[in-house]
Amino acid sequence: MRYYRDPHGYLRLCHRKYGDWFTIKLIPCGNLVCVAEPTAARAVFREVGSVGEAHAFLAPVLGQGLPLLDGEPHASAVRWIAPALTSARMQPWIEEISRLTASEVASWPVGRPFALRPRFEQLAMRVMLRVLFGEGAHERVATLGPLILRLKSRDLVQSVLAALPFGLAKWRLIGESARTAQAIDACIHAELAARRAGTVVNDGALAHLVAPRPDGTVATDRELRDQLMTLIFAGHENVATTLAWTFERVLRHPAVLGQLVEPGRDDRYPAAVLMEAMRQRPVIAEVVRELAEPFEHGDHALPTGTHISVAIAALHMRADLFADPEVFRPERFLDDASTTWTTPEAAIYHPFGGGARRCLGADFAMLQLRTIMSTVLAQADLRAPDSAAERGVSNGMAVGPHRGALVVMERRR
Ligand code: HEM
């Protein structure tokens with residue numbers, strides 16, 4: 001359970017104690033071989049694309065969404081979905097994201113501590129629904145946000161875990177979570193039916209998803225439901241948690257904050273700040289694969305079926321890759337122009353995972369993060385209530401700051 005209490009700290013501790021390869025036992029998933037060394041990470045990303053049963057715990061919510069697919073079904077789903085999320089398609093949303101952020105900030109309390117993460121969850125959810133459903137993001141779609149946030153609360157993990165000892169079908173929702181999931185499905189299916197009947201505007205990224213796919217087929221309602229849930233979950237959770245960490249870091253580093261709000265600053269600086277926050281506090285602490293065939297690297301030979309992970313949280317804190325890794329220094333991403341930090345080939349910096357399963361929303365995420373961060377900084381004068389850094393805690397999906405990134409807003413600008 002120590003892992004869930006502090007995934008970053010636990011993986012870093014295991015790395016220090018046991019070296020570049022180590023095995024941890026996760027309840028309820030079993031043994032997981034972790035690698036925290038760049039050549040092994042590169043080999044895993046290049047050679048192992050399968051997840052097998054490793055993400056089965058997500059099935060009650062995501063169905064056959066991308067993280068649960070393997071082989072050709074996964075590759076063809078990527079070909080279908082990726083074009084819906086390109087920078088060119090997302091660029092026109094910047095103004096709307098900025099507007100939604102300003103209206104979110106306007107609701108924040110002045111002069112008393114509050115947690116940023118839940119606020120960013122609401123905001124990132126609104127952004128995701130707007131981008132996916134476009135003008136069609138009307139009342140019915142608006143009800144989806146609160147339902148999904150309810151399903152995602154601790155309830156979800158508890159509900160799935162509670163089902164296991166009673167021999168219920170593997171990984172299923174029960175009780176209130178099951179009822180919420182049904183309400184979500186009904187909402188999505190009604191929206192799809194309305195689009196097909198032409199009674200609502202068919203735009204946003206969903207318009208691309210309901211159109212014929214590259215192979216000429218049209219997605220079924222079930223496929224659309226599963227991929228929409230995947231995009232909504234993966235999109236809003238990771239963006240909100242990354243923003244929470246970024247403010248948790250920045251507000252404890254006044255020099256960084258000073259540079260961020262300085263007029264005429266280097267345009268690349270905000271991106272470097274986000275990258276540094278994702279280096280020290282990756283919201284996905286490790287990415288897991290299940291070997292579909294034996295895997296060998298150096299002295300290590302693992303049989304088919306082994307669960308193997310790239311321990312991103314440990315890799316990002318290697319002193320041989322990142323000088324003074326404990327120091328929060330965005331300049332490291334600006335100084336060394338020769339370092340190809342952002343390419344999957346870099347194999348040392350992986351906030352978005354890597355290989356064939358690398359995050360499909362990475363470009364869109366960076367665009368959102370920059371827009372939201374700069375709008376918040378322009379609108380709100382924030383400070384950390386104390387100097388104690390927050391540790392990471394897992395909610396079963398992402399690793400967020402344990403106090404939710406507590407801040408005080410001194411005044412609105
Ligand atoms: C800061 C924000 C985000 C972070 C840190 C993040 C990180 C990740 C990571 C680590 C993975 C697993 C990659 C792997 O297994 O190698 C992933 C997968 C994925 N992400 Fe993101 N993500 C973010 C935002 C988004 C957004 C905005 C979207 C969609 C709009 C998105 C969609 C996806 C999808 C669909 C997958 C599954 C890919 C697959 O299995 O093929 N993510 N993300």
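These legends accompany several close-up views of one predicted model. Local features are described where pLDDT is at least 70 and side-chain atom pairs count only at pLDDT 80 or more, while totals for chains, interfaces and linings use all residues. Residues are numbered from 1 along each chain as its sequence is written.

**Figure 1. The whole chain.**
The secondary structure of the chain comes to 18 helices and eleven strands. Helices (H or I, at least four residues) and strands (E, at least two) are DSSP runs, numbered from the N terminus. The radius of gyration is 21 Å, close to the 22 Å that the globule rule gives for 413 residues, so the chain is as compact as a globular protein of that length. This radius is taken over C-alpha atoms, and the globule rule is 2.2 Å times the number of residues to the power 0.38. Along the principal axes, the C-alpha atoms fill a box of roughly 60 × 55 × 45 Å. Of the 413 residues, 43% count as buried. A residue is buried if 20 or more other C-beta atoms lie within 10 Å of its own, exposed if 12 or fewer, and partly exposed in between, with C-beta atoms placed from the backbone. Among contacts between residues at least 6 apart in sequence, 73% join residues at least 24 apart. Two residues are in contact if their C-beta atoms, placed from the backbone, lie within 7 Å.

**Figure 2. The shell around the ligand.**
Of the 26 residues around the ligand, Gly235, Asn238, Gly353, Cys359 and Gly361 come nearest. A residue is near a molecule or strand if its C-beta atom, placed from the backbone, lies within 6 Å of it. Helix H13 (221–250) and helix H18 (362–379) are the elements that give two or more residues to this shell. H13 gives the most, with seven residues. By class, the shell has 17 nonpolar, seven polar and two charged residues. Here Ala, Val, Leu, Ile, Met, Phe, Trp, Tyr, Cys and Pro count as nonpolar, Asp, Glu, Lys and Arg as charged, and the others, Gly among them, as polar.

**Figure 3. The largest nonpolar core.**
Leu132 and Ala311 touch the most other members of this core of 108 residues. The largest share of the core, 13 residues, comes from H13. A nonpolar core is a set of buried Ala, Val, Leu, Ile, Met, Phe, Trp, Tyr and Cys residues joined through C-beta atoms within 7 Å. Leaving out residues up to four places away in sequence, Ala311 touches Leu11, His15, Cys34, Val35, Ala36 and Glu286.

**Figure 4. Strand S7 and its partners.**
Strand S7 (307–310) has His307 and Ser309 pointing one way and Ile308 and Val310 the other way, and all are buried. S2 runs parallel to S7 and is joined to S7 by three bridges, with Cys34 as the bridge partner of Ser309. S4 pairs with S7 in the antiparallel sense over four bridges, and there Val288 has Ser309 as its bridge partner. Two strands pair if DSSP finds at least two bridges between them.

**Figure 5. Helix H3 and its packing.**
Within helix H3 (residues 38–47), Ala40, Ala41, Arg42, Ala43, Val44 and Phe45 are buried. The buried residues of H3 pack against strand S2 (30–35), strand S4 (287–290), strand S5 (295–297), S7 and helix H16 (312–315).

Strand S11 (residues 406–412) runs antiparallel to strand S3 (residues 113–115), and three bridges join the two. Val407 in S11 is the bridge partner of Phe114. Strand S8 (residues 380–383) also pairs with S11 in the antiparallel sense, over four bridges, and Met409 in S11 is the bridge partner of Leu382. Ala405 is in the loop between strand S10 (399–401) and S11. Ala405 has a positive phi of about 65° although it is not a glycine, and it counts as buried because it has 27 C-beta neighbours inside 10 Å.

**Figure 6. Two exposed residues.**
Asp324 is placed in the loop between H16 and helix H17 (332–335). Asp324 is not a glycine, yet has a positive phi of about 45°. With 9 C-beta neighbours inside 10 Å, Asp324 counts as exposed. Arg79 lies in helix H5 (residues 71–81) and counts as exposed because it has 12 C-beta neighbours inside 10 Å. The C-alpha atoms of Arg79 and Thr180 are separated by 31 Å, the two residues being 101 apart along the chain.
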